[in-house]
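Please look over the sequence and the structure shown here before reading on. The briefing that follows goes through the model topic by topic.

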Amino acid sequence: MIIGSQPKDFLLAVEALTVSFDGFKAVNDLSFYVDENEIRVIIGPNGAGKTTVLDLICGKTKATSGSIRFRGKELTKLTENQIVQAGVGRKFQNPSIYEDLTVFENLEISYPRGRTVFGALTFRRDAAVKERVQEVAEMVFLADKLAMTADLLSHGQKQWLEIGMLLIQDPDLLMLDEPVAGMSVSERVKTAELLNRIIKGRSVLVIEHDMKFVEDIAHRVTVVHQGQVLAEGSMNAVKTNPKVVEVYLGH
Amino acid sequence: MSDNSRFMNRSELIGLAVLAALLVVVLPLTLDVFRLNLVAKYLTYSFVAIGLVLCWGYGGILSLGQGVFFGLGGYCMAMFLKLEASSAANTKIQSTPGIPDFMDWNQITALPFFWQPFHSLAFTIVAVFVAPAVFAFVIGAAMFKRRVGGVYFAIITQAIAAILTILIVGQQGYTGGINGITDLRTLKGWDIRTDHAKFVLYFVEVGCLFVCILAAQFIRHSKLGRILVAMRDKEDRVRFSGYSVANFKIFAFCAAAVFAAIGGAMFTLEVGFMSPSFVGIVPSIEMVIYTAVGGRLSILGAIYGALIVNAAKTSFSESFPQLWLLGLGALFIGIVLAFPNGLAGIWRDHVQARIDRLSRSGKPKPGAGGLGVVDNIAAE
């Protein structure tokens, strides 16, 4: 699965990334590389800096030093919306959707067209938009909920809606922060199935604690501990790594 | 499903027709010119309220400085009218004829450069739109690009209102000072002080109001309107949907500024003068109160709010001048606590809901109950 490649072939190259909050280095000299079409899972104990890494990539947090290159583009210099437009999508840990809008409108806002002020004013809800929204809504099991205001959805449905909002953006790199956390067993099964379907044809970076789920989807696993990479490799290799067992899996 | 993207739904159309009937037919037929002119004065504030609905109600940007833009529009118009009233023939007793009287009183001997273009009505009309838009853009860009928002933004707009008032009062020779720009007479030779002129101006204003309502309605029902709502609740998420939040906030703030300025320009025409007492902190806060009372999520509600609160202000402040301000404050607190969506919310939840139930009981639709509620929320 691991293909040796030149740096320019990486979809995402994170190098020497450091962020310091009042002297505390949440992420410390962290480097990793994600290939095209690779599914990478980041695991690690609580407070290891996993979510901070995603925050740094998507621009929510500004890096103190280091570089994040996506398709050769330096992301640390871009704003959040420019990073999204470059093709990076992010799903947050808690469902982050527009609760006052309907499911349809949530998906429509995420549709990648008319993102400027003028574009949004003149945006027309044409057949292409409606079709795409319908298609995505079916994928995330919400086709019959399009007219519903999003705050009336269940927790699991909100998670799916957010996945749908990402899907409609059609990002090249999809970042998911604990996508199955807080879901019921049946929702979890459906979500795993959904994720397996949507990760085709793009690279995915996932943070997850559910080891069964990680084994199911991961091509490679990066273990983060105290802001640094502790180990990296296939799930089997990582599982048997004594350092990893000690700080994370052993507990 | 797509109810919210339609330009106007049925109940909005009915609401607009009722407002049109009231303003165009009922009030002109039942009120004398003096009272009609008062209504015209109140209506100028409803322009501000429309802007606040977009900016505050939808975008969540609370501006406590709308008086600034109301004043900019009003002063632009006042400068034009003042220059026309200060013709050499009218001002020949001054030591420098041909300049506004207050300049002469302040020993200014030549018309300042920034007054010069206001000889032209075309320039003035353009300035009514452009001056507030540019000023709002500068403030908005400075604040929103740095992600200053919420209560900090409100305080800064309030400070700007205070600064502008102090500036106008202090620069008496250029601005007319605390008295403002008074003694306005004609518009292109047409005397605006006569009853007939006031009658005509009232209809011009109602016309402008409807154009503004339609413009606001267009913005609200475009995708931009939905992005404003999204931004109000989850600003960060909007960034991660690929939008520049700052640009959308700047747009909403500029739009609100232009609406306020149109109101200000109409105010000058209707009332015949403009002064810093319509620019400062107190009028700016009152404008927010009109909007809150009417309903900050409803364009029509905010218009009624401006009319009703101002009408109440006129009658109560005459009878109980000391109690009025306390009463206004109490009204604001009461509305915010008990009816966060103002009169429009009361109408929707109690009156409209009953009408719907009555009309529905005639021809029951399967499953209409649940979806209808959703539609109503979405339509609001």
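**The strand β3 of chain A**

In this predicted model, strand β3(A) runs parallel to strand β9 (residues 220-225) of chain A, and four bridges join the two.

- Strand β3 (residues 39-43) of chain A is largely enclosed by the rest of the structure, because five of its five residues are buried.
- In a regular strand the side chains alternate between the two faces of the sheet.

**The antiparallel sheet of chain A**

- Another group of strands in chain A forms an open sheet of four, with the order β2-β1-β4-β5 and antiparallel pairing.
- The edges of this sheet are β2 and β5 (73-74) of chain A, and each has a single partner strand, so one side of each is left without a neighbour in the sheet.
- Five bridges hold the antiparallel pairing of β1(A) with strand β4 (residues 65-70) of chain A, and in β4(A) the residue opposite V14(A) is I68(A).
- V19(A) also belongs to strand β1 (residues 12-21) of chain A, and this residue counts as buried because 22 other C-beta atoms lie within 10 Å, where 20 or more are needed.
- Leaving aside residues up to four places away in sequence, V19(A) touches A26(A), V27(A), T52(A), L56(A), T61(A), A63(A) and T64(A).
- V19(A) and G227(A) are 208 residues apart in sequence, yet their C-alpha atoms are 9.1 Å apart in space.

**Two loop residues with positive phi**

- Most residues other than glycine have a negative phi.
- N37(A), in the loop between β2 (24-34) and β3 of chain A, has a positive phi near 60° although it is a residue other than glycine.
- With 14 other C-beta atoms within 10 Å, N37(A) is partly exposed.
- D170(A), in the loop between α6 (155-169) and β7 (173-177) of chain A, is not a glycine either and has a positive phi of about 50°.
- D170(A) has 16 C-beta neighbours inside 10 Å and therefore counts as partly exposed.

**The two domains of chain A**

- The domain assignment divides chain A into domain 1 (1-87 + 171-251) and domain 2 (96-168), and their centres, taken over C-alpha atoms, are separated by 26 Å.
- Where the domains meet, eleven residues of domain 1 of chain A are in contact with ten residues of domain 2 of chain A.
- On the side of domain 1 of chain A that touches domain 2 of chain A, helix α7 (residues 185-198) of chain A gives the most, with five residues.
- By class, that side of domain 1 of chain A has six nonpolar, three polar and two charged residues.

**Where chain B meets chain A**

- Between the chains, 28 residues of chain B are in contact with 30 residues of chain A.
- The helices α9 (223-233), α10 (235-240), α11 (245-271) and α16 (368-379) of chain B each supply at least two residues of the side of chain B that touches chain A, and α9(B) gives the most, with seven residues.
- This side of chain B is made up of 14 nonpolar, eight polar and six charged residues.

- Not counting residues up to four places away in sequence, I50(B) touches C212(B), I213(B), A216(B), F259(B), I299(B), A302(B) and I303(B).
- Helix α13 (residues 299-319) of chain B has 21 residues and should span 30 Å at 1.5 Å a residue, which agrees with the 31 Å between its end C-alpha atoms.
- Among the buried residues of α13(B) are I299(B), A302(B), I303(B) and N310(B).

Key: Residues are numbered from 1 along each chain as its sequence is written. Chains are lettered from A and ligands numbered from 1 in the order in which they are written. This is a predicted model: local features need pLDDT of at least 70, side-chain atom pairs count only at pLDDT 80 or more; totals for chains, interfaces and linings use all residues. Domain bounds come from an automatic or database domain assignment. Two residues are in contact if their C-beta atoms, placed from the backbone, lie within 7 Å. Ala, Val, Leu, Ile, Met, Phe, Trp, Tyr, Cys and Pro count as nonpolar, Asp, Glu, Lys and Arg as charged, and the others, Gly among them, as polar. A residue is buried if 20 or more other C-beta atoms lie within 10 Å of its own, exposed if 12 or fewer, and partly exposed in between; C-beta atoms are placed from the backbone. Two strands pair if DSSP finds at least two bridges between them. The expected span of a helix is 1.5 Å times one less than its number of residues.
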